[in-house]
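The sequence and the model are shown first, and a description of selected features follows.

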Amino acid sequence: MIPPNARLAFLMNGYLTSRHGKMGAGILRFSDFAVVAVIDETVAGSSLVELTGIDRDVPVVSSVAEALGLGADTLVIAVATSGGVLPAGYREEIVVGLEAGMNLVNGLHGKYAEDIEFSAAKRPQAIIWDIRQEPTGLGSGKGRAQLLNCWRVLTVGTDMAIGKMTASLELHRSAQRSGLRSAFLATGQIGIVISGDGVPLDAVRVDFATGAIEALCERNADVDVQWIEGQGSILHPGSTAWLALMRGGQPTDLVLVHRAGQTHLDQLDGFLIPPISSVIAAYEGIAAINPGFTKPRVRAIALNCAHLSSDGAAREACEQLELETGLVVDDVVRFGADRLLGSLAVGWL
């Protein structure tokens, strides 16, 4: 975990306004950590609020050296690149930070605590936290999560990097405000930083993936509702994590996450997104294909409208999809998750 008194700097060169900047955006939006600087030389000096819409008064600077001057003591590699690779130019900046005594938080796939150059640069009192590490003591899944006396809501998507974590966190917040005992179950590096617990699913060997999620659900069982952070998509040729979440979590309900107007997978133009009704039928069918599995229904849709210019346009997109599907649809960032929570609660009564 990141110490509560840490002063963070986010290394995001070239990615602050990209979808691959979601780690920095997620921590800024959903945590109370003291973030003293965001590092992106391509937009240094710009307003973070204007660039991202996130209401945090954090300066955007051009280098780790500038962040150190603002008092940063922990450097977070705050990007989620395709394949989890370290972008060009980041290594040199990380060395500057480590040599100055900074801690390093790494959400990429590399094992930087074992990296020769980084280990040599790190000061004795500092730590390097590689988030994507497989938990110990894992076994294969046994379907035990369905025996838990709580609702388990899994977010599923029409694409990767589409807002499943955001939807789960906003629903968790809404549930807490309503008086429900609620737990957010993180399954990726961003959610783990925000919540301080979870399973980095893409670092778990496939034989133990369902067992890891099952164990996560079991150790958070003393609640009314669990919000299981979704990963990947049934439609994506490079994605399998969604199935481990479905089998390990044995969800009671599903929330579909979609990006308004998106017709094909991001960066994969040859893979069209079928009608939403077909996607819903596919998720529900696979979830319940064995009589021994739970039989969750898609109860609501979280529509990502971040690219739309106004609240009016976002509301219109939500209303149109409601007409098409007969489900409650909302942009949980713009309008909150209360309506989605209400549609789920109807199924629980």
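## The buried side of helix H13

Helix H13 spans residues 338-348, and within this helix Leu340, Leu341, Ser343, Leu344 and Trp348 are buried. These residues lie on the same side of H13, because they cover an arc of only 160 degrees around the axis. The description rests on a predicted model.

## Salt bridges in the structure

The structure holds 19 salt bridges. Three of them are described in this report, beginning with the pair formed by Asp197 and Arg219.

The side chains of Asp197 and Arg219 meet in a salt bridge, with an N to O distance of 3.0 Å. This pair links distant parts of the chain, the two residues being 22 residues apart. Asp197 lies in the loop between helix H7 (189-195) and helix H8 (209-219), whereas Arg219 belongs to helix H8 itself. Asp197 has a relative accessible area of 33% and is therefore partly exposed. Arg219 is likewise partly exposed, with a relative accessible area of 48%.

## From helix H11 to strand S14

A salt bridge also joins Arg315 to Asp330, and the closest N and O atoms of this pair are 3.0 Å apart. Arg315 is located in helix H11 (residues 311-325) and Asp330 in strand S14 (residues 328-330), so that the pair links distant parts of the chain, 15 residues apart.

Which of the two partners is buried, and which is partly exposed? Asp330 counts as buried, because its relative accessibility is 1%, under the cut-off of 20%. Arg315, at 29% relative accessibility, counts as partly exposed.

## A network of salt bridges

How are Arg315, Glu322, Asp330 and Arg339 linked? These four residues are linked in a network of salt bridges.

Note on methods. Residues numbered from 1 in each chain as written. Predicted model: local features only at pLDDT ≥ 70, side-chain atom pairs only at ≥ 80, totals over all residues. Heavy atoms only, no water. Buried < 20%, exposed > 50% of the residue type's maximum accessible area, 1.4 Å probe, protein only. Helix = DSSP H or I, 4+ residues; strand = E, 2+ residues; numbered from the N terminus. Arc of directions from axis to C-beta.
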